[in-house]
Amino acid sequence: MKHLTILLVLLLAVSLAASGCTSTTADPAPTPGTAASTTAKYSIGDVVQVDPSNPNYSEYAALLIVDVGEIYYTCEVVVRESPTSAWMIYPENRMTSRHTDLEFGFPHYMEQVDPGTIATWTATPTPTLTPKPTPTLKPDTATLGEKNAAAKALSYLRYSAFSREGLIDQLEFEGFSHTEAVYGADQSGADWYEQAAKKAEQYLKYSSFSRSGLIDQLEFEGFTRSQAEYGVKAVGY
């Protein structure tokens, strides 16, 4: 998978699912305020991450413990723009996990913060980008695999930016055939020039690039030269 997932929260969600964390929409959290177990390793306000040796480790996304029950932790996904920036809660990602599951999956303690002072993260819109209407899938001629690939492509584009090549690669990584992946990418209705601008903005939130370096990175992600140049121009280069 060639592209970088700027929203590392998605990686955290995958790790949580594997280690026993569940969304509170699927499995209601225990009542806040219950007595904390003496076996709980973490306390309210602890910011925790996977082991630094884990390839999913990041300084920019982690879990914040907001309640400690007798059996479960309640936690929020938190993100920040740099190691010196304040943490922000990534909305609609409150989760619960058994003490043992979370402590095993997220053994690295980062720091202690006051949950009451944490702001909620909000995405900064790009003024030059205009919303695209949701495309209509072909109801009669598309195969089931093609329809599912198109639906999956739309779900990816809601959370991150992709080049056409990168989106096809991601769909193939998910198990779709090349034909299904191409169909899904083409049916997404994405403007690949706008996607290049979004991707450039995402990169600059987390790192610094020269103009030529940012163009090279966008081309590495699968954008054409003209799309990459449009992307860097859209962010001010």
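Ser-58 is buried in this predicted model, with a relative accessible area of 8%. Its place is in the loop between β2 (46–49) and β3 (61–68). A polar atom of the Ser-58 side chain lies 2.9 Å from the backbone nitrogen of Tyr-60.

**Salt bridges**

- Side chains of opposite charge can pair when their charged atoms come close. In this structure the count comes to six salt bridges.
- One of them joins Glu-59 and Arg-80, whose closest N and O atoms are 3.2 Å apart. The pair links distant parts of the chain, with Glu-59 in the loop between β2 and β3 and Arg-80 in the loop between β4 (72–79) and β5 (88–89), 21 residues apart.
- Glu-76 forms a salt bridge with Arg-94, and here the closest N and O atoms are 2.8 Å apart. Because Glu-76 lies in strand β4 and Arg-94 in the loop between β5 and β6 (95–98), the pair ties together parts that are 18 residues apart in sequence.
- Glu-76 is buried, with a relative accessible area of 9%, while Arg-94 is partly exposed, with 37%.
- Arg-164 and Asp-186 form another salt bridge, with 2.8 Å between the closest N and O atoms. Arg-164 belongs to helix α4 and Asp-186 to helix α5, so this pair ties together parts that are 22 residues apart in sequence.
- Arg-164 is partly exposed at 34% relative accessible area, and Asp-186 is partly exposed at 42%.
- Salt bridges that share partners also join Glu-59, Arg-80 and Glu-111 into one network.

**Helix α3 and its packing**

- Helix α3 (residues 144–159) has 16 residues, which at 1.5 Å a residue should span 22 Å; its end C-alpha atoms are 24 Å apart, and this agrees.
- Its buried residues are Gly-145, Glu-146, Ala-149, Ala-150, Ala-153, Leu-154, Tyr-156 and Leu-157. They pack against α4 (164–173), α5 (178–187) and α6 (192–206).
- Glu-146 is a charged member of this helix worth a look: Glu-146 lies in α3 and is buried, with a relative accessible area of 14%.
- Leaving aside neighbours within four places in sequence, Glu-146 is in contact with Thr-141, Thr-179, Glu-180 and Tyr-183.

**Aromatic rings**

- The structure holds six aromatic pairs. Among them, Tyr-42 and Tyr-73 form a tilted pair, 6.0 Å centre to centre with 45 degrees between the planes.
- This pair links distant parts of the chain: Tyr-42 is in the loop between β1 (22–23) and β2, and Tyr-73 is in strand β4, 31 residues apart. Both Tyr-42 and Tyr-73 are buried.
- The ring centres of Tyr-156 and Phe-162 are 5.8 Å apart and the planes stand at 55 degrees, so this pair is tilted.
- Tyr-156 counts as buried at 17% relative accessibility, because the cut-off is under 20%. Phe-162 counts as buried at 4%.

**Charge over rings**

- The charged end of Lys-199 sits over the ring of Phe-162, 5.8 Å from its centre.
- The charged end of Lys-199 also sits over the ring of Tyr-203, 5.9 Å from that ring's centre.

Terms used. Residues numbered from 1 in each chain as written. Predicted model: local features only at pLDDT ≥ 70, side-chain atom pairs only at ≥ 80, totals over all residues. Heavy atoms only, no water. Helix = DSSP H or I, 4+ residues; strand = E, 2+ residues; numbered from the N terminus. Expected span 1.5 Å × (residues − 1). Buried < 20%, exposed > 50% of the residue type's maximum accessible area, 1.4 Å probe, protein only. Contact = heavy atoms within 4.5 Å. Polar contact = N/O pair within 3.5 Å; in protein donor to acceptor, adjacent residues only side chain to side chain. Salt bridge = Lys/Arg side-chain N within 4 Å of Asp/Glu carboxyl O. Phe/Tyr/Trp six-rings, centres within 6.5 Å; stacked < 30°, edge-to-face > 60°. Lys NZ or Arg CZ within 6 Å of the ring centre and 35° of its normal.
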